[in-house]
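Here is a short briefing for a reader new to this structure.

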Amino acid sequence: MSAPLMSVRALTVNFSGLRALDRVSFSVNPGKITGIIGPNGAGKTTLFNVIAGHYRPSGGQIIFGERNITGWKSDRVCRLGISRTYQHVRPFLGLSVYNNVKVGFLYGHQAVNWKQKELSQEIASMLEFVGLEGLGEKRAEELIPLNRKRLEVARALATHPRLLLLDELIAGLTPTETLSMMETIRQINAKGITVLMIEHVMKAVMGLSDKVVVLHHGEVIAEGSPAQVAGDQAVIDAYLGAQH
Amino acid sequence: MSTRNQNDTHQFGEIITRRKFITLASAAAAGMAVIPLGGSAMAAKTEIVIGATLSQSGRFQGIIRPFGKLLQVWADGINAKGGIYLHKINKTLPIRLVIYDDQSSPPTALKFYERLAAVDKVDFFMGPFTSFITNAALQAAVKHKRPMFMVEANDSAMFEKPNRWRATGLSPAKTEYTRVVQLLAKKGGVKTFALLSRDSLHENQAMEGFGEMVKKAGMEVVYQKIAPKDTRDFSSIILAMKQSKPDVVFIEWIPPPGNIGFLKQARGLGLNPKDVVVGHAPVPVIKALGRSMENVLSALYFFEGDSPHHREFFAMCKKAGFEPWQYSEAGIRYVTFKRIEEALVTAGSLEPEEVRRAMWQSNFSLYNGDIRIKTDKKGYGTLHPWPSQIKNGKPVSLWPLSKGVEIFEHKNGQW
Amino acid sequence: MEFTTLVQVIINGVLLGGVYALAAFGLSLIFGVSGVLNLAHGEFLMVGGMAVFLLFDALQNVWYVNPFILVAVVAPLFFLVGLVFEKALIQPLTQRKEHVRLASAVLVTLGAALVIEDVADFASRGSQYEKSVDFFIPSLVIGEIYLETNKLVMFGLVLILIVALFIFLRFTYVGLAVQAVTQNRRGALLVGVNTTRINAIAFGIGTALAAVAGGFEVINSMVAPNIGLPLTLKYLCIVVMGGLGSFLGVALGGVIIGLGESFLGFFYPAWSQTVAYLLLVTVLLIRPKGLFGK
């Protein structure tokens, strides 16, 4: 078992008295897909926000590779190799699809001095990869929701991340779209990119993940293979309880 | 008989006592009539303390700059002769000035006038620059019952309600440009006038008065408007003026900034009247317009001459480090100094009520009788400026009228 | 109104609007990129104008320099001033939460504006309060229409600067980053854009534009320590009217207000300075997000 790509240790986040994350610890193995599940309000998005550098945790550490990146700002985190998509997508609405992806290439983890022609080719193949070929000239604000999600992924991938955080990519998609997106995620992973995904759609999480971490009330209540987690009593109780 | 004897003795005692009492009382009364009440306080006075604020910072600083020095030059001049003789207390007392910076702001001015009265215990006030600041400062004069010799203040807002504690040397704002209109009327060759003023009470009244005097002299006002104080671009106003085809264009704007924009843009847009009258044309305006200022008409609070008062005034300015035309309001300050000197001599003491009354009784002439400074029933004075014309970057007096009309050259649209 | 006069009023309005747009662009850029409403913007205009005047005045006797050249010299200096201002006063604010940031920015920049005005006032003692350069090139006269050369040159420079800005935003990598940050700050951070550096660049450009506008004022009219805040207010009007973050909106807003002031100045000058606010309210009633707001 190789060393984890990222590990989170005793991560705690307080929002004026409310404990959103309470000493959360888990690790993400390189080249694998790790899923994060839990009832609403469990703290999943907060976890992503802290890892991606939107705010500092109140306590604990985040170790990526050999670096302690606790408290690093988002752009620095990205340049180190962690990218993230948002549940409520955040494209550059006024820019074209092409330019949205271009920004990722220019400023991300492997921002190099692109030659104009090379860059164009890279952007074109990226668009094709996520299923947005032919839409390069459209403004982001003209895209339908599914394509906006694809754009979000393309832009994140353009930054050449080592670790990709996917925030509820599959929520709200039709069954066909879900299968398509799941395939895309597999292909991303196949390129060697480690994936950490928050998901509510159980079929997707269980079908894709090598490992699952379960959060409830800001705490990790289970960690293991999909099958192990599915049978865990604490997890079952948490979900049943949440249904009230 | 015996009772009468006893009564006599009693009455005699009483009579003696009463007589004594009456004598003593009469002597005391006679004494008090000779020595004024609070005589010991007055006897302790060693100087005449005059309080004032000057706009040493803020937007009027450019107009007021050397006046701190000027005031001091005046006081030093008086003190070099020992001071002013106050006949009621039989003393010659020197002048001491207490001056604060009102920052061109009415509330700040009021604060300092209060302080001058309560803390510095001045005998009376010299007013601040400009009507609207004076209006605020007057409250201190009324509250502390100290007379204020208003200086550069003459718009009607302060004179609507009677106020015994203030009087100005200036004639009402409406009459400000009397002599300028006189000159233009006498010179002739101009019939139509376009007028513009900054939207402020003093400027509006000066412009209104100008217009009324123009009409009274048989000439015509073809354009008369007020512009907001923040106006920086006068292009449309200038176009409207052009349309009305004026012989003379007049602008009244304190502080000068509006003048600079207006003149530059008038020049650029081809507004070429026979004459341009700029109410206030101090150094920054002359510098900014350069040669284009040639033959622009303006007004100064003094005129060139050789009378003893002229010489005294010019010497004071020189000692304070400036030439009178650079800060023409010095002329108003000079008149104020004379008013104060006269009032103190008339009052003969520093009793606020005496000084106050004397302030209202001012009546003296200056500049070889060219002007008589008097105070009217409302508290207005009689000083308004004399016409001048810019020649080679400097204003030249156009006075007396006959001489002025000869020196005066029409601008004839030459920028 | 005669026809030539009408044409002249319109031309004046457009020329005026162009210069308004220049300073408003700077304000809009700063707000769009960093989310900071820079109430000290007008002060930078004033100080820029003062700088041009001081140079002109100092050199005048030795070497009569065209003040427009001095403007070109002063502008890059003010790019640096903007960088420093941003680093010193604004960066600390960006640590705060978004909803607090706007309020803090307003207070901090307002405070800075008052301090700058005070310093300028103090520095003016011993010299004149209002500053203006004596520079005049005769107007271009076409029939009865007078085109003030100064204003034509200014308008031309404004167009050049706007085109330069456009090229910068559309065709450079940094320009692309600026656009990205303007449209979605979080998104830009996520893809590795150093928004701190982009903020600084926006402040630098915005302040340089303000200084250029200040140079124009000192040529066409005058600058004095107290002109800053009223001008900032007017530019805010233009920025809000045009729609926050839209440059086309600012250009259009500037011209609309320029024309409005021009027409009102002709008929009812007493209202010419309030027209900006009246137009703002009117536009916002019809389009609440401004002309091209997002």
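Chain A and chain C bury about 2000 Å² between them in this predicted model. Carbon and sulfur atoms give 62% of that area. Chains B and C bury about 3400 Å². Chains A and B do not touch at all.

**Chain A with chain C**

- On the chain A side, 28 residues are in contact with 19 residues of chain C.
- How many salt bridges cross the interface of chain A and chain C? The rule finds zero.

**Chain B with chain C**

- Two pairs of chains touch, and the pair B and C has the most contacts.
- Here 38 residues of chain B are in contact with 45 residues of chain C.
- Carbon and sulfur atoms give 52% of the area buried between chain B and chain C.
- The rule finds three salt bridges across this interface.
- A salt bridge joins the side chains of B:R232 and C:E217, at 2.7 Å from N to O.
- B:R232 is also in contact with C:S221.

**Chain A and chain B**

- No contact joins chain A and chain B.
- The closest C-alpha atoms of these two chains lie 36 Å apart.

- C:S221 sits in the loop between α8 (195-220) and α9 (228-242) of chain C.
- Is C:S221 buried or exposed? C:S221 has a relative accessible area of 3%, under the 20% cut-off, so it counts as buried.

**Nonpolar cores**

- In soluble globular proteins, nonpolar side chains tend to be buried together.
- The largest nonpolar core holds 261 residues. Within this core, B:W74 and B:F262 touch the most other members.
- Which helix gives the most to this core? Helix α1 (residues 3-34) of chain C does, with 14 residues.
- A second, separate core has 32 residues. Among them are A:M6, A:A20, A:I69 and A:L215.
- B:F262 is in contact with B:L196, B:F234, B:I238, B:M241, B:V249, B:I251 and B:L271, leaving aside its neighbours within four places in sequence.

**Helix α1 of chain A**

- Helix α1 of chain A spans residues 44-51 and is mostly covered. Seven of its eight residues are buried.
- The buried residues are A:K44, A:T46, A:L47, A:F48, A:N49, A:V50 and A:I51.
- A:G53 follows this helix, with a positive phi near 90 degrees.

**B:G404, in a helix of chain B**

- B:G404 lies in helix α15 (residues 401-407) of chain B.
- B:G404 is buried, because its relative accessible area of 0% falls under 20%.
- B:G404 is in contact with B:L183, B:L398 and B:W399, leaving aside neighbours within four places in sequence.
- B:G404 and B:K187 are 217 residues apart along the chain, with their C-alpha atoms separated by 9.0 Å.

**B:K378, in a loop of chain B**

- B:K378 lies in the loop between β14 (371-374) and β15 (386-391) of chain B.
- Why does B:K378 count as partly exposed? Its relative accessible area is 49%, so it falls between the cut-offs of 20% and 50%.
- B:K378 touches B:F159, B:R166 and B:W360, not counting residues up to four places away in sequence.
- The C-alpha atoms of B:K378 and B:G211 are separated by 23 Å, and these residues are 167 apart along the chain.

**Cysteines**

- How many disulfides are there over all chains? The count comes to zero.
- A:C78 is buried, with a relative accessible area of 0%.
- C:C237 is buried too, with a relative accessible area of 3%.

**Confidence**

- The model scores ipTM 0.93 and pTM 0.87.
- Chain C has a mean pLDDT of 91, and 98% of its residues reach 70 or more.
- Where pLDDT is low, the predicted coordinates should not be read in detail.

Conventions. Residues numbered from 1 in each chain as written. Chains lettered and ligands numbered in written order. Predicted model: local features only at pLDDT ≥ 70, side-chain atom pairs only at ≥ 80, totals over all residues. Heavy atoms only, no water. Helix = DSSP H or I, 4+ residues; strand = E, 2+ residues; numbered from the N terminus. Buried < 20%, exposed > 50% of the residue type's maximum accessible area, 1.4 Å probe, protein only. Contact = heavy atoms within 4.5 Å. Core = buried A, V, L, I, M, F, W, Y, C linked by side-chain atoms within 4.5 Å. Disulfide = S-S within 2.5 Å. pLDDT = per-residue confidence, 0-100. Buried area = accessible area lost by both parts, 1.4 Å probe. Salt bridge = Lys/Arg side-chain N within 4 Å of Asp/Glu carboxyl O.
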